[in-house]
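These are my notebook entries on one protein chain. I set down what I looked up, entry by entry, together with the terms that each entry needs.

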Amino acid sequence: MRLDYLSIFPGYFDVLGISLLGKAAVNGLVDVYAHDLRDWTHDRHRTVDDTPCGGGAGMVMKPDPWGEAFDEIIGTEPDPSVHVVFPSPSGEPFTQSVAHDLSSVERIVFCCGRYEGIDHRVIDYARSMWTVHEVSLGDYVLNGGEVAALAITEAVVRLVPGFMGNPQSLAEESFSAGQDGLLEYPLFTRPVSWRGLDVPEVLMSGHHGRIAKWRRDESIRLTRERRPDLTDSDVSARH
Ligand SMILES: Oc1ccccc1-c1ccno1
């Protein structure tokens, strides 16, 4: 998997050389390339923004640098196998399902907007050429797309076959198919008693059936309490 990042702050992506993502890069599972959008400007100030047409506060990212960067980094021919991700507060929700879908693609290009956003024609052009995902991490506002791109990267790359040492652990995580899309149950380890707080007895019983039922019940309880939006009527009935 090749990952490209287009940003006016490419240094954000230096962190991808650390920990598990660094290991994936070393193992050849992912190749990471960060690009400075200003490298595709031609004026002395390396300008990437301008005032919004129609008025309004702030500045908008000009289309020209993006187009020239696309030409050089991706190419000038349409290729639906290239996935271009625009993190955006107005995007569709980024979910574990979207992460799973992206984990099987060969190439992802992250376009990190700043200021008030990117000229919409950049997104429209990208849609005419590649497979585009405008995605939001949640209902809040960041200063730019870089942090969102890092979060999406981690969610996607950890699902790439061969990345996680123990793929079984993926099956038991929140939102995973193995969990029926429910939240993960509470986790415990030794010591059995800690500051007057004990591990639930059932987890020390060695009775696998009871342990499995306790974990399922806890997942259902937590999901109903914290994320009723994840428990549709069918899921509730099944639970
Ligand atoms: O708030 C943003 C600004 C730029 C790019 C992305 C975001 C965002 C907010 C939530 N998810 O993505």
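Entry 1: a glycine after a helix. I began with Gly75, which has a positive phi of about 125° and sits just after helix H2. For the labels I noted that helices (H or I, at least four residues) and strands (E, at least two) are DSSP runs, numbered from the N terminus.

Entry 2: the source. I recorded that this is a predicted model, in which local features need pLDDT of at least 70 and side-chain atom pairs count only at pLDDT 80 or more, while totals for chains, interfaces and linings use all residues. Residues are numbered from 1 along each chain as its sequence is written, and side-chain values use heavy atoms, with hydrogens and water left out.

Entry 3: the whole chain. I found eight helices and nine strands in the chain. Its C-alpha atoms fill a box of roughly 70 × 40 × 40 Å along the principal axes. Of the 239 residues, 41% count as buried; buried means under 20% relative accessible area, exposed over 50%, and partly exposed in between (1.4 Å probe, protein chains only).

Entry 4: the buried side of H2. Which residues of H2 are buried? I listed Pro65, Trp66, Ala69, Phe70 and Ile73. They cover an arc of only 135° around the axis, so they are on the same side of H2; the arc is that of the directions from the helix axis to the C-beta atoms. These buried residues pack against several elements, including strand E1 (2–7), strand E5 (82–93) and H4. Contact here means heavy atoms within 4.5 Å.

Entry 5: H2 and H4. I then looked up how H2 (residues 63–73) and H4 (residues 120–129) are placed: their axes come within 9 Å and cross at roughly 25°. Axes are lines fitted to C-alpha atoms, for helices over the stretch in contact, and angles run from 0 to 180 degrees between N-to-C directions. The two helices, H2 and H4, are therefore roughly parallel to each other, a term for angles under 35 degrees. From H2, Pro63, Trp66, Phe70 and Asp71 meet Arg121, Val122, Tyr125 and Ala126 of H4. By class, I noted six nonpolar, no polar and two charged residues in this contact. Ala, Val, Leu, Ile, Met, Phe, Trp, Tyr, Cys and Pro count as nonpolar, Asp, Glu, Lys and Arg as charged, and the others, Gly among them, as polar.

Entry 6: Ala149. I located Ala149 in helix H5 (residues 146–157). Is Ala149 buried or exposed? Ala149 counts as buried, because its relative accessibility is 0%. Leaving aside neighbours within four places in sequence, Ala149 is in contact with Tyr5, Phe13, Pro87, Phe110 and Cys112. I also noted that the C-alpha atoms of Ala149 and Val85 are separated by 8.2 Å, although these residues are 64 apart along the chain.

Entry 7: backbone details in loops. Tyr115, in the loop between E6 and H4, has a positive phi of about 55° although it is not a glycine. Its relative accessible area of 34% makes Tyr115 partly exposed. Arg195, in the loop between E8 and strand E9 (197–198), also is not a glycine and has a positive phi of about 55°. Arg195 is exposed, with a relative accessible area of 73%. Lastly, I noted a cis peptide bond between Arg190 and Pro191, with omega about 5°. Pro191 lies in the loop between helix H6 (168–171) and strand E8 (193–194).

Terms used:
Angles under 35 degrees count as roughly parallel, over 145 as roughly antiparallel, 65 to 115 as roughly perpendicular and the rest as oblique.
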